[in-house]
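Subject: Structure handover

Hello,

Here is the structure for your files. My notes follow below it.

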Amino acid sequence: MNELSPHAAQLRAAMAGPPQDAPWSGGLWAACAQLTPAELGMLLPVAYRTLADEDAPDHARQVAREVTWTKVQPSFTSLTLTELFLALAESPRPRDVRFAAGGLLRCTEAWDEEALRKPAAVLVEVAGRKADETADAALAVAPLAGPDAERELAGQLRELYADSPLRSAEIEVLLATGPRERALVAEDRRYAPLTGEWPLLTDAALGPSAEELHTELARQVLSTAADHLAALHAGRIPYAADKAFTASDTDTLWRAARRALRRDEPWAGQLLATLLPHSAVAPTTAKTLPSQAACIGLAQAVEAHPTPEAVAALREARRVVRHAGVTKKLDRTLRRAERNLARRPELALRLTDLGFDADGVRRLPCGPYTAVLTVGEEATLAWERADGRALKSLPAAARRDHPEEVAAARDFLAKARAQIRTLIRGVEGGYLEGTVHRYDRWRDALDQSAVVRGTARRLIWEVEYAPGEWRAVLPAAEPAEDAPEPAGSAAVRLWHPARATAAERHYWRDRIAELGLRQPFRQAYREHYGPEDTGDGATGDGDTGHKATGSGATESGAPGSGATANRATGGSAHSTVMFHGHLLRIEAVLGLAVRQGWNIEDEVLVLPVGELTACFVIAGSLYPGASGWAEAMEVKLFRADGSPQPLAEVDAVRLSEILRAVDLLVSAGSFGWCETHAHEPGAWQQLNRLYDQPLGAGARMRREALRRILAAQIASGRVELGARQLLLDGRYAVHLATGRVTRDGDPVEISLPTGRRAVPLPFLPYDETLLERVVRTVEHLM
């Protein structure tokens, strides 16, 4: 392509000619955003020359800056790649070699090595002034600069990394490869690009060679690091805090772990099971680490490309770490890693074998006693005598005479519970990712793993028997005799209420209650939402489906709000105002947002969801540590290229989960029953306002559950479920969204008994603090 479109030609002319009044429709930014990759590749050399020219007019420099800030991925022909090298070499800076290396990967033709030789030599020479910052990119460009330039750079790097054995080994392997292979390593960067840098190429764009690059080197690096840390913990190497690896070795470790996990190498999990815990805790009783940077770097690699084994290693590192700051970082990384596991459906149901038998039981001898570990709805530990008689608790003799065996049993219990948590979060995260499993692999996972079976059998699944024909199944129920066996390649996905009819939702809720199943997470009683521009809002069964609804937060922050009544009836096709107008406590919102994967960008909360980005606008200045009150505004969706995404075109389940995530923040930031805020000034006024609001999605789900939990009391006439509240004996009213209790209209302070005095709870279909409190309140008042 040698011709530019009219707006691209205007941009090039503006960087070289006099200013124009209004040359671009929609503004300069819009003109740059319309550039194709090839057009950007043609304009970048001009932009770099303009920015390097101190005599260039201000308007030309402004246009050049906007061109270089464009988020479009550039591409180059052989000719435009040569122009790029020549432009960078005219006024070179050390970091410019990164653009040259990136251009090699983005060149769609065979490049002209002879034309590139001279500018490449200039770029490599200048990059050598800051070799520690530009080493990988300089190595990629060095072969084009000639053998003398490459030898000089290699000697400089060997001297620079003499005290970094892992990095030195990586450099030696790179020197045996060509420019493209080295450029692939330079592209594999740990941190996001800065303003003016090109977007990093995706794994798919890099091609299979990126996946196969230096696999053996990755294994060697991780093995060497694991041996080093093992020797440190064994006392064969003197310990010094944060001295186990240099900064360069840490970056090499991160790259090696990322490559191994991206390819799901079978040896990666075993090595990380040693590396992560050993890097997280000192061999002494100190609260320091052998290498904080290595620990965080390995954790970030697991977050980006999680496997069940790597997540288990990360959880073990979190368990043993003593450093308070690292503990918080590992907590955040672990949550994101568990969510990201849903993006790898072929791995999400694969768990490490813990030795449970087909019934989900494992027995561990402990002297004359036996530890009996069982997995079902949860992992439990019980004790038996040698003759098989059950014990109420662990005997003191076992603790005294067999402390190691007792510790091993408890450690095994912790690992089983960690596996269950990881599995639950990974499976639930599949809603946002649109995870689909193959039927044969899904069936084998249930058959082979007691942990998977104990969790997955309590969930409702959908199997595609024919294209577009999905049937819902509950493995915990008896299978229908006439149900055919699906094909091994059939698709399996989690059932979601947003895809079901009202009758189907009622059926599964009744079925769950009939079987007395406690689901691993909310599924049958899950809140579901629709786009406002189709006429749907936060929906619940048995009501009219308010577009914007009010409620309160639960103590645990579970979804239960919706929002206050809309002051507007609609939003646009690209946004929803269903949460508009709700008053939020900023610190509560931000505290939960961090744990749920939201980030703050330009004072707006953003949540990456696959190829989409959800933005939740709050009328206030958002930054880490912000506090006070602010008003909820609209929710918007954007595509990867920054263009608005119409809500009606988003998959129903994904849209519902995005709005549910926003509702979770609104719930956490608004007032419901909450001990910590019950006596704050204005708390009762806020509760009174919420008391009069229509129910939110979470509160309507609560009503659905209470209708089944208190079926006997409702049948007797003592309990009546109203539109917004539960009535007891015609006198007491318990609001379903706030938990507030009134008697004949007057507020009643309820102090529920705890401990042994507490009334035993009936079956609850899911865990929620406010649901539990409402049930306990009814039992207490009765």
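I start with a strand pair: L727 has A733 in β19 as its bridge partner. The strand β18 (residues 725-728) pairs with β19 (residues 732-735) in the antiparallel sense over 4 bridges. Two strands count as paired if DSSP finds at least two bridges between them. Helices (H or I, at least four residues) and strands (E, at least two) are DSSP runs numbered from the N terminus. β18 and β19 form a hairpin with 3 residues between them, and D729 in the turn has a positive phi of about 55 degrees. β18 also pairs with strand β17 (residues 719-721), again in the antiparallel sense, over 3 bridges. Here V719 has L728 in β18 as its bridge partner. L726 and L728 make up the covered face of β18, while Q725 and L727 make up the uncovered one. In a regular strand the side chains alternate between the two faces of the sheet.

Before the rest, the basis. This is a predicted model, in which local features need pLDDT of at least 70 and side-chain atom pairs count only at pLDDT 80 or more, while totals for chains, interfaces and linings use all residues. Residues are numbered from 1 along each chain as its sequence is written, and side-chain values use heavy atoms, with hydrogens and water left out.

pLDDT is the predictor's confidence in each residue, from 0 to 100. The protein chain averages 81, and 85% of the residues score at least 70. Over residues 542-570 pLDDT stays under 50, and the model has 121 contacts beyond four places in sequence for them. Residues 672-679 are also below 50, with 17 contacts beyond near neighbours in sequence. Contact means heavy atoms within 4.5 Å.

The protein chain holds 31 helices and 21 strands. Of its 782 residues, 52% count as buried. Buried means under 20% relative accessible area, exposed over 50%, and partly exposed in between (1.4 Å probe, protein chains only).

The largest nonpolar core has 60 residues, of which L11, L43, V67, L81, F85, V141 and L157 touch the most other members. Such a core is a set of buried Ala, Val, Leu, Ile, Met, Phe, Trp, Tyr and Cys residues joined through side-chain atoms within 4.5 Å. Helix α8 (residues 131-145) supplies the largest share of this core, 10 residues. Leaving out residues up to four places away in sequence, F85 touches A100, L104, L116, P119, A120, L123, V141 and L144. A second, separate core of 42 residues includes L229, A256, A257 and V302.

Helix α16 (residues 268-280) has 13 residues and reaches 18 Å from its first C-alpha to its last, close to the 18 Å expected at 1.5 Å a residue. That expected span is 1.5 Å times one less than the number of residues. Among the buried residues of α16 are L271, L272, L275 and L276. Their cover includes α14 (215-233), α15 (247-262), α17 (292-304) and α18 (308-320).

Two loop residues remain. D96 sits between α5 (78-90) and α6 (97-105) and counts as buried because its relative accessibility is 3%. Apart from neighbours within four places in sequence, D96 is in contact with L88, S91 and L123. S449 lies in the loop between α23 (439-448) and α24 (450-456), and counts as buried because its relative accessibility is 16%. S449 and T352 are 97 residues apart in sequence but 8.8 Å apart in space, C-alpha to C-alpha.

Regards
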